[in-house]
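Colleague: I have the file open and a few questions about it. Can we go through them one at a time?

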Amino acid sequence: MCGRTACSLAADNLRRACAYRDRRGQHRQPEWMRQERYQPSYNKGPQSSGPVLLSRRHLQQDADSSERVLMDMRWGLVPSWFKQDNPSKLQFNTSNCRSDTMMSKSSYKGALLKGRRCVVLADGFYEWQQQSGGKQPYFVYFPQTKDAMDKETEGDKEWKGWRLLTMAGIFDCWKPPGEEEMLYTYTIITVDASKDVSFIHHRQVRPGKGVAGMPAILDGDEAIRKWLDFAEVPTQEAVKLIQPTENIVFHPVSTFVNNIRNNTPECVAPIELGAKKEVKATPSNKVMLGWLKSSQEGSPQKKENDLPKWTSQFIHTPSPKKTSADVLQQWLGKQGQPAAKKHKA
């Protein structure tokens with residue numbers, strides 16, 4: 001399942017990071033709806049709110065269905081037919097939606113058939129690996145290009161910062177009894193864990209909790225376009241996009257992230273496995289925490305040479321057959337620790 005994410009970009013940078021080309025090939029940025037409600041966070045959990053992309057036509061019937069808007073929605077879908085006066089009275093967990101049952105569950109089927117598809121945005125998500133001494137958290141995200149920067153100079157048309165993870169979701173609109181304002185909520189679709197992520201967490205049946213997996217990730221703007229454009233791409237075609245992806249990398253992070261109240265760059269900072277506590281004293285980790293903080297505080301632009309050395313594990317170069325487990329093992333090897341072994345799928 002996907003039970004925790006991070007989305008630390010400020011609202012303006014988030015909008016720039018979601019730039020796309022419209023039907024005429026024009027470069028555009030999605031308009032924010034209810035921007036004042038958005039709060040960046042390194043540690044988002046269900047029942048909190050988070051940013052999603054959706055087609056403008058859901059809000060404006062005569063709009064071009066390919067036009068995108070950004071909206072802050074509550075995580076945990078409340079079906080439009082829900083009759084109680086409080087979402088907390090919903091008797092089942094709707095933060096995740098299994099891809100193999102989403103067309104049969106009443107909580108999701110209606111919204112899907114209405115074309116209520118969205119893209120949930122995040123820096124990445126957290127997964128926990130069960131170990132003998134407890135659970136080890138990992139941060140999972142898209143490979144980052146070597147020219148990735150946290151902020152750009154004025155006038156730059158193309159976003160060169162962190163590549164956001166784009167997860168397939170379903171949203172719905174619920175009107176509380178006696179209220180005028182609609183509550184927009186979403187769920188993240190999950191699929192079987194890809195070969196790489198199965199190193200952390202296999203999709204298994206858990207007693208009393210159903211089946212867990214990884215988020216359905218939409219890799220590339222064409223996949224995002226098809227998922228969002230419900231007027232041009234019918235549901236039966238769109239659901240074919242819901243597949244596991246191998247195009248992700250990950251690194252271990254501190255158990256500091258386990259507490260949902262902890263919301264600092266330390267949540268996503270790489271750690272040295274096998275150490276008794278998080279490595280904080282080394283120069284590279286000090287630079288890392290400072291760089292992570294600057295991405296939200298609006299620091300001056302950093303040149304490629306100014307990027308801290310730890311970002312080498314975030315940088316993806318098209319080397320043949322290199323998996324996220326290899327990246328993790330390489331990073332661990334540099335720290336002088338035994339490389340983590342990858343489980344066979």
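Colleague: What joins the side chains of Ser 65 and Arg 23?

Modeller: A polar contact of 3.3 Å. A polar contact here is a pair of N or O atoms within 3.5 Å; within protein, one must be able to donate a hydrogen and the other to accept it, and residues adjacent in sequence count only if both atoms are side-chain atoms. Bear in mind that this is a predicted model, where local features need pLDDT of at least 70 and side-chain atom pairs count only at pLDDT 80 or more, while totals for chains, interfaces and linings use all residues. Residues are numbered from 1 along each chain as its sequence is written, and side-chain values use heavy atoms, with hydrogens and water left out.

Colleague: Where is Ser 65 found, and is Ser 65 buried or exposed?

Modeller: Ser 65 is in the loop between E6 and strand E7 (68–75). Helices (H or I, at least four residues) and strands (E, at least two) are DSSP runs, numbered from the N terminus. With a relative accessible area of 2%, Ser 65 is buried. Buried means under 20% relative accessible area, exposed over 50%, partly exposed in between (1.4 Å probe, protein chains only).

Colleague: Which residues is Ser 65 in contact with, leaving aside neighbours within four places in sequence?

Modeller: Arg 23, Ser 55, Arg 57, Leu 228, Asp 229, Ala 231 and Glu 232. Contact means heavy atoms within 4.5 Å.

Colleague: And Ser 55, where is that found?

Modeller: Ser 55 belongs to strand E6 (residues 49–55). Ser 55 counts as buried because its relative accessibility is 0%. Not counting residues up to four places away in sequence, Ser 55 touches Asp 64, Ser 65, Glu 67, Val 69, Leu 228 and Phe 230.

Colleague: Switching to Asp 221. Which helix is that in?

Modeller: Helix H3 (residues 221–228). Asp 221 is partly exposed, at 35% relative accessibility. Beyond its neighbours within four places in sequence, Asp 221 is in contact with Tyr 20 and Arg 68.

Colleague: How many residues apart in sequence are Asp 221 and Tyr 20?

Modeller: They are 201 residues apart in sequence, and 7.4 Å apart in space, C-alpha to C-alpha.

Colleague: On to the rings. How many aromatic pairs are there?

Modeller: The count comes to 9 aromatic pairs. Rings of Phe, Tyr and Trp (its six-membered ring) pair if their centres lie within 6.5 Å; planes under 30 degrees apart count as stacked, over 60 as edge-to-face and the rest as tilted. Trp 75 and Tyr 186 form a stacked pair, 6.2 Å centre to centre with 10° between the planes. Trp 75 lies in strand E7 and Tyr 186 in strand E13 (residues 183–191), so that pair ties together parts 111 residues apart in sequence.

Colleague: Are Trp 75 and Tyr 186 buried or exposed?

Modeller: Both are buried. Phe 82 and Trp 174 make a tilted pair, because their planes are at 50°, with ring centres 5.8 Å apart. Phe 82 is buried at 11% relative accessibility, and Trp 174 is buried at 2%.

Colleague: Which residues do ring pairs link into a cluster?

Modeller: Tyr 126, Trp 128, Phe 139, Tyr 141 and Trp 162.

Colleague: Last one. How many helices and strands does the protein have?

Modeller: There are 6 helices and 17 strands. Of the 345 residues, 51% count as buried.
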